[in-house]
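Hi everyone, thanks for coming. Let me put the sequence and the structure up, and then we'll walk through a few spots together.

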Amino acid sequence: MLGKDGVAEKSDMEQIMPSHERLEKGAVAIIECFQEIPCDPCFASCRKGAIKPFDNINDLPKIDFDLCDGCSLCVAACPGLAIFIVDYTYSDDNALLKIPHEFVPLPQKDEVVKLLNRNGEIVCDGWIVRSVKFRDKTNVLWVEVPKEYAMDIRAVAPNSYIIENPLRKQV
Ligand code: SF4
Ligand code: SF4
């Protein structure tokens with residue numbers, strides 16, 4: 001529960017989620033920022049104007065999902081690791097997530113990783129599609145995941161990397 005342990009529940013998520021129709025159009029940012037704190041790098045990082053200007057530095061971010069293209073610049077800029085990107089159009093079975101990752105070593109393309117939910121529990125395996133390293137921002141991992149788990153996953157487990165990717169080898 002948000003007020004108790006800071007973990008967002010289904011009812012919290014419903015307030016910030018894009019519509020089903022928008023999710024089906026492609027990559028979009030989900031901003032799980034529920035605490036009023038003096039912070040706005042997400043707004044400054046967005047070149048599409050999707051994150052609205054803050055009236056007050058303590059405001060919660062507001063996003064226009066129709067302007068967002070899922071570029072993930074805000075993911076790298078957010079010090080609270082509160083933003084991720086989901087793309088349900090990635091393939092028939094799998095979604096693409098872009099997730100902030102602060103641990104080292106950074107997983108690399110084609111590695112298999114363990115994925116965690118908001119409670120830090122392992123949900124499933126995922127496959128690293130791209131590993132984007134930033135010099136002065138948070139690194140971002142592009143991870144292919146089964147669609148049914150996409151909205152449950154919020155992190156890549158540190159030191160969980162499996163070098164072999166059996167699914168890729170079958171292709
Ligand atoms: S993903 Fe890109 S376009 Fe969308 S809100 Fe973030 S910075 Fe803006
Ligand atoms: S940068 Fe992150 S923590 Fe700060 S207001 Fe934006 S979403 Fe919230």
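So, which residue lies over the face of Trp142, at 4.9 Å from the ring centre? That's Arg130. Lys98 also lies over the face of Trp142, at 4.1 Å from the ring centre. By "over" I mean that NZ of Lys or CZ of Arg is within 6 Å of the ring centre and within 35 degrees of the ring normal.

Quick housekeeping: this is a predicted model, where local features need pLDDT of at least 70 and side-chain atom pairs count only at pLDDT 80 or more, while totals for chains, interfaces and linings use all residues. Residues are numbered from 1 along each chain as written, chains are lettered from A and ligands numbered from 1 in the order written, and side-chain values use heavy atoms, without hydrogens and water.

Okay, rings next. There's one aromatic pair (ring centres within 6.5 Å; planes under 30 degrees apart are stacked, over 60 edge-to-face, the rest tilted). Phe43 and Phe54 form that pair, and the pair is tilted, with 6.3 Å centre to centre and 50° between the planes. Phe54 is buried, at 17% relative accessible area, while Phe43 is partly exposed at 29%. The cut-offs are under 20% for buried, over 50% for exposed, and partly exposed in between, using a 1.4 Å probe and protein chains only.

Last stop, ligand 2. Around ligand 2 (a heavy atom within 4 Å) we find Ile31, Cys33, Cys39, Pro41, Cys42, Pro61, Cys78, Pro79 and Ile83.

Definitions and conventions. Rings of Phe, Tyr and Trp (its six-membered ring) pair if their centres lie within 6.5 Å; planes under 30 degrees apart count as stacked, over 60 as edge-to-face and the rest as tilted.
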